[in-house]
Amino acid sequence: FDQLRRMIISDLKGIPLVIDNILSTSPMMRYTGVLPLSPHPLLMSGGAKAFAGEQISLLASPISIVAVVEGGGKWPQKSEAILKVKLALLLRIGELLSKQFKMKCVPHQDTLDIVFDGYIFRLSLRSSLEVERTVVDDNPFSKVPVSQEMIEDFEVKPLHHNLIRALHSQHPSYGPSVRLFSSWLCGHSLSGLLSQELIELL
C-alpha cells in the first residue's frame, strides 16, 4: 500500500490536480477484516502458470483506499460538476498508471480498481472538506450543507482507522479477536445488524 501511495502521489506524471494524501479505510489494513490480508495468487506475476492444476478461489476482496485531492479554485461549485471532475480524474489516473507502470486498472461508476502486487485496491476520490463546503445549489446565495456521511468519511473514519491500527500494534491479539467475533456474527446471521466500526469498538 505504501509503495502504491508513493507511486500515485510522487511518481505519477500528468495528473491535473495534486493528490495530498492517500488513506486506507479498509478493515483488512487495520487487521480486523474477516479475511486476513494476503495477495491473491492469480493476481501476481506468473500466478496462473505457477498454480496450474490447483483449485484456487476466484474471489478477491478489494481494499478500499481514498485519495484526498487538493482544494482551491480549480474545483466547480455545483455538486454534479464535482462528481464529473472526480470521475474524469479517476479515469486519468487509471490511464496514467496503465501507461507508465503497466498496471491493470478497471474504472467503475465512482471508483477505480487497481491491481498491484497481488491485491486489488479500490480507489475513490475525496475533495477537501473546504471544497465540499462551498457547493451551492440552484440558488447562488445559498450553500448546500455538508452531509453527516461526508463528515464521517473525512474526519471520523480516518481517525477510527488510525486508532484501531494503534490498538492492534499494542495488543496483537486484538485483530484476531475482532475477526473471530465477526465470524461468529456471520454464522448467526447477525453481521448486517452491526457496522464494522461498531464491532471493532465492542
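Predicted model: local features only at pLDDT ≥ 70, side-chain atom pairs only at ≥ 80, totals over all residues.

Start with strand S1 (residues 19-24), which is joined to S2 by five bridges, the two running antiparallel. Strands here are DSSP runs of E with at least two residues, helices are runs of H or I with at least four, and both are numbered from the N terminus. Two strands count as paired if DSSP finds at least two bridges between them.

Residues are numbered from 1 along each chain as its sequence is written, and side-chain values use heavy atoms, with hydrogens and water left out.

S2 also pairs with strand S5 (residues 119-127), through seven bridges, and here the two strands run parallel. One of the bridges links Ala67 to Leu125 in S5. How enclosed is strand S2? Six of the seven residues of S2 (residues 63-69) are buried, so the rest of the structure largely encloses this strand. Buried means under 20% relative accessible area, exposed means over 50%, and partly exposed lies in between (1.4 Å probe, protein chains only).

Now step back to the whole chain. It has seven helices and five strands, and along the sequence they follow the pattern α-β-α-β-α-β-β-β-α-α-α-α. Of its 202 residues, 33% count as buried.

Next, find helix H5 (residues 148-170). With 23 residues at 1.5 Å each, H5 should span 33 Å, and its end C-alpha atoms are 31 Å apart, which agrees; the expected span is 1.5 Å times one less than the number of residues. At Val156, shortly before the proline Pro158, H5 has a kink of about 40°. That bend is the angle between axes fitted to the seven residues ending there and the seven starting there. Among the buried residues of H5 are Phe154, Pro158 and His168.

Leaving aside neighbours within four places in sequence, Pro176 is in contact (heavy atoms within 4.5 Å) with Tyr31 and His168. Is Pro176 buried or partly exposed? Its relative accessibility is 37%, so Pro176 counts as partly exposed. Finally, the C-alpha atoms of Pro176 and Gly33 are separated by 9.0 Å, although these residues are 143 residues apart along the chain.
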